[in-house]
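Me: Hi! I'm new to this one and would like a quick tour. Could you put it up on the screen?

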Amino acid sequence: LCPPGVLPLCCRLPAWDRASRPPPSPLQPPGLPLAPCRSFSNNKIQVELNESSGVAMMKFKSLPVNSLSLEFLTEFSISLEKLENNRACRGVIITSAVPKIFSSGLDITEMCGKSMEHYTEFWRAVQEMWLRLYGSNMVTVAAVNGSSPAGGCLVALSCDYRIMAENPKFSIGLNEAQLGIVAPFWFKDTFVNVVGHRVAERSLQLGSLHPAPEAHKLGLVDELVPEEKLMEKAAAVMAQWLALPDHARQLTKTMMRKAVLDRLVAHREEDIKNFISFVSKESIQKSLRMYMEMLKKRKS
Ligand code: CO8
């Protein structure tokens with residue numbers, strides 16, 4: 001799954017363990033102008049890095065709903081890793097190129113009727129994505145320009161700042177309970193760290209999807225702006241965060257997030273086992289199938 005010459009993600013030094021970026025290479029002649037823009041794109045995600053500003057734009061472009069399939073998650077982790085290892089990149093804005101949808105969350109078809117091996121690979125990829133994003137040294141801003149249930153909400157929650165388009169038709173939340181499944185402890189921890197225990201407890205038990213204005217009131221998103229102003233606002237927020245010295249901000253971020261990251265790292269294999277035993281129960285498979293049928297019926 002890794003491009004040639006790139007170590008598998010699990011073998012690399014985790015971002016949250018690095019105090020700061022390595023110093024500039026002595027081999028690079030000083031004063032050489034950097035290429036202003038560099039982009040790379042794969043099937044599911046488009047990334048454009050402006051090397052002068054140090055800001056990358058990451059756009060999800062996986063039709064129809066940016067569901068987090070194994071392929072998507074793998075591309076996401078690799079893209080984050082590439083940016084993390086690029087000294088020219090200090091921040092990333094994450095948004096969607098699909099109208100009205102930020103991300104529909106984990107791809108439910110990856111959790112239905114598959115083998116144990118597949119569930120293991122899929123869940124490891126979900127964990128990897130979260131460890132990379134939540135533990136990123138970069139400034140991460142989510143520009144939520146559409147609905148963002150479950151795993152989509154997790155992506156936004158894992159960023160440093162969330163700006164959402166002020167459209168009440170767009171909703172966000174960890175709605176797992178509505179599917180008859182349970183958000184894993186690290187989804188819950190990430191949620192609690194953003195909105196606090198009481199709001200998280202109620203919202204998780206009810207599997208609430210909060211329309212944008214309500215999400216803002218609850219602190220689930222930091223700001224609402226008219227849709228056409230979203231990217232401008234995200235760039236302004238990014239500039240504000242990048243005005244600080246990287247090392248101080250990074251160490252502070254590590255201090256705030258390390259305990260939650262370490263908890264998954266310490267229980268990673270156990271978490272995979274729990275996922276497999278939960279998802280392979282016939283009752284859970286039935287709930288997921290019914291939910292997918294409901295989505296299809298709603299459409300017709
Ligand atoms: N996975 C797979 N397929 C999906 C998903 C998904 N998450 N969401 C939508 N689709 C499919 C639909 O079935 C439909 O397929 P088809 O065209 O073949 O009928 C297609 O995408 C388009 O969907 P819609 O017609 O519903 O598109 P809309 O624009 O009307 O609505 C929404 C978009 C709002 C995103 C809507 O599709 C929706 O609500 N989707 C479900 C979102 C959801 O509940 N996701 C939760 C996933 S679970 C998760 O992320 C965390 C699980 C944690 C694991 C816990 C341990 C077991």
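Me: Thanks! Quick one to start: is K100 buried or exposed?
Reply: K100 is exposed, as its relative accessible area is 58%. Buried means under 20% relative accessible area, exposed over 50%, and partly exposed in between, using a 1.4 Å probe and protein chains only. This is a predicted model, where local features need pLDDT of at least 70 and side-chain atom pairs count only at pLDDT 80 or more, while totals for chains, interfaces and linings use all residues. Residues are numbered from 1 along each chain as its sequence is written, and side-chain values use heavy atoms, with hydrogens and water left out.

Me: Good to know. Where is K100, and what is its phi?
Reply: K100 sits in strand β5, residues 100-101. Its phi is near 70°, a positive value in a residue other than glycine. Most residues other than glycine have a negative phi.

Me: Which residue has a positive phi of about 50°?
Reply: That is N66, which is not a glycine either. N66 belongs to the loop between β3 and α1. N66 is buried, with a relative accessible area of 0%.

Me: And what about the peptide bond from L63 to P64?
Reply: That bond is cis, with omega near 5°. P64 is in the loop between β3 (55-60) and α1. As background, most peptide bonds are trans.

Me: Let's zoom out. How many helices and strands are there?
Reply: The protein chain has ten helices and eleven strands. Both are DSSP runs numbered from the N terminus: helices are H or I with at least four residues, strands are E with at least two.

Me: How much of the chain is buried?
Reply: Buried residues are 51% of the 300 residues. The accessible surface of the chain is about 14300 Å², and 60% of that belongs to carbon and sulfur atoms. Those areas come from the Shrake-Rupley method with a 1.4 Å probe; for residues, only the protein chains shown count as cover.

Me: Now helices. How do α1 and α2 cross?
Reply: The axes of α1 (residues 70-84) and α2 (residues 116-134) come within 9 Å and cross at roughly 30°. The two are therefore roughly parallel to each other, a label for angles under 35 degrees. Here axes are lines fitted to C-alpha atoms, for helices over the stretch in contact, and angles run from 0 to 180 degrees between N-to-C directions.

Me: Which residues make that contact?
Reply: From α1 they include L73, F76 and L80, and from α2 they include F122, V126 and M129. Contact means heavy atoms within 4.5 Å. The residues of this contact divide into nine nonpolar, two polar and five charged. Ala, Val, Leu, Ile, Met, Phe, Trp, Tyr, Cys and Pro count as nonpolar, Asp, Glu, Lys and Arg as charged, and the others, Gly among them, as polar.

Me: Switching topic: where is K253, and what does it touch?
Reply: K253 is in helix α8, residues 246-266. At 8% relative accessibility, K253 counts as buried. Setting aside neighbours within four places in sequence, K253 is in contact with Y134, S136, M138, T140 and D160.

Me: Last one: how far apart are T109 and L288?
Reply: They are 179 residues apart in sequence and 8.7 Å apart in space, C-alpha to C-alpha. T109 is in the loop between β5 and α2 and is partly exposed, with a relative accessible area of 38%. Not counting residues up to four places away in sequence, T109 touches K114 and M292.

Technical notes: Angles under 35 degrees count as roughly parallel, over 145 as roughly antiparallel, 65 to 115 as roughly perpendicular and the rest as oblique.
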